[in-house]
Amino acid sequence: MDEINYIYFIFFFLIILQSIVGVGILVIGTPSLLLLEYSIIEILSILLPVSILTSLLNLLIFNFIKTENKLNIDSEYKKLFYYFCIPSIFIGLIFLKSFNNYINFDYLVSAIILISIFLTNNKKYIYGVKKKSKIFILIITGIIHGLTNSGGSLMSLFFSSYQKKDQSRYNITYFYFYLVIFQYCAFIIMFNKKIYNFELIFFIPILLTGVTIGNFLSKYINIEKFKLLIASLSIIVCFALLL
């Protein structure tokens, strides 16, 4: 399997995962492409549009398929997200542009993902703090995401507190879509990049099939097990980077 086919295989797998739990393409894709010796700038160019298109299709599916309970986004969550997390992405991208040649992204991405996984499994560290502390953490999350592409796991903690599976998936998918689309627009402007050109004849079928499979599986599986799978895969690629 040549490198291009290998990357499309990774895309297919990660699109399925992200369609089930809301995140995955950037969390696992970033360290995976670092292992293939892509630069962080190349990785942003490749993975951000994949994540955007995947989340967009999933949002459309949420809006067209009826669920037992009406899905909506908490207004307080929206305010915290748009006022504090989104602007801080620009700070992260400024750091990336300024210090790209001086940062070891293998180590940095690995450390951030491992810390995020720890916090994901210890939600009391997030939900037990006051509003001002949550604002601070959201700002840090935005900066981290702009700098390393790896803030999705930490961000999802704030938007997955609902017990209902569909509402939790909708929350994460909604906020992750807007997090990444703002990040991608800022990235194109700040780094003077063109929109990444996929070989659409291969990518579109992969995208549509992956999203379809992911949404089908989400009806029958325990999402917590898939979150565990994402965490496990993330740990494996992180340690591969560190070693």
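Biologist: Why is Tyr 174 called buried?

Modeller: Its relative accessible area is 11%. Buried means under 20%, exposed over 50%, partly exposed in between, with a 1.4 Å probe and protein chains only. So Tyr 174 counts as buried. Note that this is a predicted model: local features need pLDDT of at least 70, side-chain atom pairs count only at pLDDT 80 or more, and totals for chains, interfaces and linings use all residues. Residues are numbered from 1 along each chain as its sequence is written, and side-chain values use heavy atoms, without hydrogens and water.

Biologist: What makes Tyr 170 and Tyr 174 a tilted aromatic pair?

Modeller: The structure holds 13 aromatic pairs. In this one, the centres are 6.5 Å apart, with 45° between the planes. Rings of Phe, Tyr and Trp (its six-membered ring) pair if their centres lie within 6.5 Å; planes under 30 degrees apart are stacked, over 60 edge-to-face, the rest tilted. So the label is tilted. Both residues lie in helix H9, 4 residues apart, about one turn of the helix. Helices are DSSP runs (H or I, at least four residues), numbered from the N terminus.

Biologist: Why is Thr 173 called buried?

Modeller: Thr 173 has a relative accessible area of 3%, so it is buried. Thr 173 also belongs to helix H9, residues 165-191.

Biologist: Which residues does Thr 173 contact, leaving aside neighbours within four places in sequence?

Modeller: Among them are Gly 22, Asn 58 and Phe 62. Contact means heavy atoms within 4.5 Å.

Biologist: Why does Ile 15 count as buried?

Modeller: Ile 15 is at 0% relative accessibility, so it counts as buried. Ile 15 sits in helix H1, residues 3-21.

Notes: Helix = DSSP H or I, 4+ residues; strand = E, 2+ residues; numbered from the N terminus.
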